[in-house]
Amino acid sequence: MSTEAARQGQTKKRSVGADLVIPIMAAGYALYYIYTILDYPMEAQINGLFLGLTLCSLVAVLFVRVAAQWFRGEVDFGMHRLLTPLSMIPSRLIFLGLTIAYIVVIPWVGFTLTTFLFVLGSLLALGVRSKKLLVVMPMLSATGGYVFFIAMLNTRFPKGPIENFLAGAF
Amino acid sequence: MKDFTITPTRRSFLKGGAMAVGAGALSASPLSKAWAAFPERNISILIPTGEGGGADRDARMFATVWRKYLNNANFEYSYYPGAAGQVGYEFYAAKSEPDCYNLLFGNLGPEIIMQAMQKPKATLGKDFIYFCQTTDETMCIFVGKNSKITSIQQLVDEAKKRVVTVATSRLPHPASIGVLALGEATGAKFQLVPFGGGNPSAMAAITGEVDCCTLPITNAIQLDKEVLILTLFSKQNVFGEMADNAPPVNDVFGTKIPELSSSRGFAIHVKAMETYPDRFQIIEESVKKAALDPEYADLVEKAGMPRSFVRYGGREETVAFAQDMLALAEKYGSLLAPKKK
Amino acid sequence: MELGADTVLQLFLHSLSLWWIIVPAIFIGIIMGAIPGFAAHNTIIILLPLTLAVPVEVALTFMVALYCATHLGGGIPAILMNIPGTGGAAATTLDGHEMAKQGKAQQALVLAFAASTFGGLITSIVTLFALPLLSKVGYYVHSVEMVVIMLFGLTLIAVIAAEDTVKGLIAGFFGLMLGAMGADHVYAAPRGTFGLLELFDGVPLIPALIGLFAISEAFVMIEQESIVSSKGQERARRASWADTLSGLRIAATNWWHIVWTSLIGLVVGVLPGAGASIGAFVAYQQSRFFSKTPEAYGKGYAKGVIAPEAANNGVTSGTLVPLLAIGIPGGSTAAVMMIVLQFHGVPFGPRLFVESPILAFGVIMSMVVAYIFMILTILPMARYLAKVTVVPTRLLAPMIVAFTLVGAFVPRSFLFDLGVAVAFGIIGYIARKTGYHVAAILIGVILGPLVEQSYIRALRISLGDPLVLFSSTLGNVLWVMLALSLAMPYILKWLRRRKAAQAAS
């Protein structure tokens with residue numbers, strides 16, 4: 001094989017590292033599940049054992065397949081598929097951070113204010129710079145959400161300063 | 001890991017019961033003048049079974065009369081079904097505020113047995129206490145209208161020849177205990193099949209998937225001609241024609257199976273009773289008034305259930321019911337637990 | 001009461017006179033159905049004070065119209081944003097959203113609306129005349145048969161796995177494994193719950209659905225400017241009334257498809273414990289099985305939208321059958337309706353037909369009328385709804401996350417469930433990026449616990465004999481059909497290859 005062809009072969013290598021994340025999670029959960037049912041009577045075990053063992057076998061088949069491909073030099077264990085497009089990583093991480101912050105903060109700040117702040121923050125993180133949009137969208141989602149979910153449907157969303165103030169006012 | 005044996009929870013329970021009665025005596029003295037304003041907001045009722053089930057229906061029905069005696073309060077309902085009621089009780093004990101604004105409306109019979117069998121973290125007597133019952137109904141065995149079996153004697157004879165399948169909503173349930181006790185007393189072989197609720201259990205008997213079904217009697221009475229009631233786990237059949245004139249089980253076989261019934265009623269955090277005795281007093285008194293109001297019995301009758309379904313019981317009576325149920329769970333629990341591998 | 005032409009006309013006109021309650025019910029139903037987290041039963045519970053305050057006939061008409069409309073509403077976000085509004089619309093995403101990505105959102109919506117309303121209309125008319133017959137279905141389909149019926153739905157995993165069998169099956173079995181979480185059906189012993197009480201009753205379905213579809217979709221969609229592919233952009237912008245008409249034309253040419261897939265839904269709906277999601281999955285699977293072009297499914301194929309949408313509305317007609325014919329509600333929505341009947345002191349089951357026949361048949365007729373109103377009100381909206389697909393994703397994504405997280409909270413009011421949605425969102429995102437189909441995971445999560453429940457019941461009834469699964473005639477017929485539907489694609493492929501080889505030689 002010429003060096004040219006070898007280089008080409010290398011650049012053509014598929015990254016399959018990311019493909020293994022779901023199987024590892026799945027097999028991990030299956031093993032944990034089986035561990036939790038070890039002492040149980042047959043009727044509580046049968047389903048979990050069947051599913052867990054089948055799942056682990058499938059994962060084993062995939063691992064064997066990937067190992068064979070790796071031996072043949074067709075694949076590497078890069079995580080490209082999961083991370084691309086790389087330029088989006090910062091905004092994606094901020095968006096994820098905001099999503100997690102939303103569920104952490106909502107019990108204290110309440111539905112309306114949290115929604116307002118979350119939508120505003122996410123729009124900024126995703127690159128929206130129009131002042132009009134940055135004002136209108138968060139306002140609309142917060143007030144629309146309040147009127148529909150809390151005022152009209154009386155759903156028990158977490159209440160914060162705004163909900164308490166409005167409840168007092170009306 | 002979970003094990004399936006029953007540990008005696010009676011002692012702790014009795015202690016809790018005594019404490020509850022004590023707290024009640026304390027609350028009898030007017031501690032505060034502000035209590036007249038209670039409740040200032042909606043009362044939340046947690047139901048440890050699904051929406052649209054019997055407990056949901058009864059809680060709502062009761063509340064329509066109760067609010068008259070409770071400052072015209074409004075009620076909010078939430079449903080926490082799962083693991084024979086365990087999920088609901090644990091949530092009630094751990095996650096809802098013990099301020100007398102949060103109550104639990106449960107099925108006392110099956111859920112007390114569940115507590116004995118499954119040992120949830122939420123402990124009866126320590127974390128919460130049943131303070132009243134609003135309704136009470138006996139358990140029964142019935143078949144679908146197309147069944148060849150027409151009497152309890154015939155069913156038991158059949159079960160001596162082969163294993164007879166019995167639909168039940170869940171294993172930890174007075175109805176299930178009744179069937180197993182009948183099997184033990186007569187030598188009949190029954191296989192309980194849990195269907196997860198009254199409706200699917202009854203359906204299984206009606207469609208012939210199982211030989212018969214065991215449930216609280218109002219389920220069967222409401223199904224009218226679709227089912228034939230074979231026997232009741234009570235001293236007498238006070239329902240007569242409505243319950244197909246079915247004989248009480250002990251009358252037929254001369255057995256001594258205990259009366260098996262299930263009450264529905266309210267539970268409250270022990271801590272709420274202690275912290276807000278004034279609020280609790282209002283709740284307790286207003287529940288009693290509502291349960292004894294003929295308007296409530298009228299509503300029950302209108303919904304197609306017998307008037308005798310309504311049976312108010314105060315704190316002491318409810319505590320006694322719970323004790324009996326725990327004793328039953330201890331006696332028959334081994335029949336419900338799985339055979340170890 | 002005899003159902004002669006006169007009576008039917010009288011009933012129809014009577015239901016028509018209740019238009020003033022049907023129309024708002026339809027709008028509320030469509031909106032609530034479109035928001036993941038809300039479904040007919042919890043909306044009816046929220047509005048219970050209203051339904052208890054009005055006369056029983058008005059209350060029932062309102063609930064029935066709302067119920068039918070929620071299943072139509074659920075398909076809208078499934079098509080536009082790959083987010084099923086209800087579990088019954090999960091199968092709609094497979095082809096509906098593919099169509100939207102190609103700029104054909106409007107046609108897809110029109111197809112879904114036409115299939116839902118005509119499917120619903122047909123099944124409600126069938127129910128009106130064949131109620132006694134339909135109620136017999138439950139007498140033949142027991143736990144054993146239910147296991148096989150649900151396996152039909154599960155085989156969709158294999159279909160989805162067609163591209164990469166091992167990865168597809170891993171996704172499906174991962175879903176099944178997650179669906180197996182929670183207390184077992186006999187002894188209430190917790191399994192795989194991480195010791196968390198919130199997971200005792202199993203994986204909460206709506207938060208899982210929201211995570212797998214909505215949250216992960218929001219994170220994937222921000223990588224592109226808009227939902228519609230660059231090729232479809234032009235097409236989506238040009239969308240006009242002509243697209244609505246073209247959607248209607250496609251629906252009309254597939255009228256037979258609407259009929260039989262909606263009947264599948266009807267039969268599944270009659271079965272106790274089976275719901276819209278099973279109906280839709282089974283209909284999609286059957287639609288593909290009988291198709292001459294099975295390979296077109298999953299790539300934006302009209303029949304792939306029609307089948308699940310016709311079926312999930314067929315289910316709504318079916319679920320009322322056990323309540324009306326026997327007096328036992330077949331699902332949670334019917335159970336809540338029963339409470340309303342009881343409050344009003346109205347008997348249900350066969351007694352309803354004896355004591356208040358107008359009310360009994362009126363319930364079904366109000367479905368018929370609701371569907372007629374529905375097609376008139378919703379169809380013109382397709383054109384405007386479809387515009388969502390050209391809204392820039394950086395504006396859509398935050399709204400999707402904010403409002404669907406709220407939806408995750410609704411069914412159980414646990415803040416914990418918001419966390420479940422985010423966790424499933426992360427699983428869904430990784431799955432999408434690495435070639436594991438989220439629909440396969442969801443099918444497992446939805447159907448897994450139901451199959452187990454039926455299987456364990458069958459096992460207990462047979463005193464532990466695993467061969468019970470092959471003990472009934474109907475069950476065995478279903479097994480053969482299942483085996484055929486799995487083997488058929490391979491047989492056809494082999495036949496085609498042989499034909500080609502023969503032609504070549």
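Predicted model: local features only at pLDDT ≥ 70, side-chain atom pairs only at ≥ 80, totals over all residues.
Residues are numbered from 1 along each chain as its sequence is written, chains are lettered from A in the order in which they are written, and side-chain values use heavy atoms, with hydrogens and water left out.

Chain A contributes 65 residues and chain C 62 residues to the contact, which is defined by heavy atoms within 4.5 Å. Between them the two chains bury about 5600 Å², 81% of it on carbon and sulfur atoms, where buried area is the accessible area (1.4 Å probe) lost on putting two parts together, summed over both. Of the area that chain A buries against chain C, 13% is supplied by Ile22(A), Tyr29(A) and Glu43(A), more than by any other three residues.

Four salt bridges are found across this interface, a salt bridge being a side-chain nitrogen of Lys or Arg within 4 Å of a carboxyl oxygen of Asp or Glu. The side chains of Asp19(A) and Lys167(C) form a salt bridge, at 2.9 Å from N to O.

Chain A is divided into domain 1 (10–83) and domain 2 (86–169), with bounds that come from an automatic or database domain assignment; the C-alpha centres of these two domains of chain A lie 38 Å apart.
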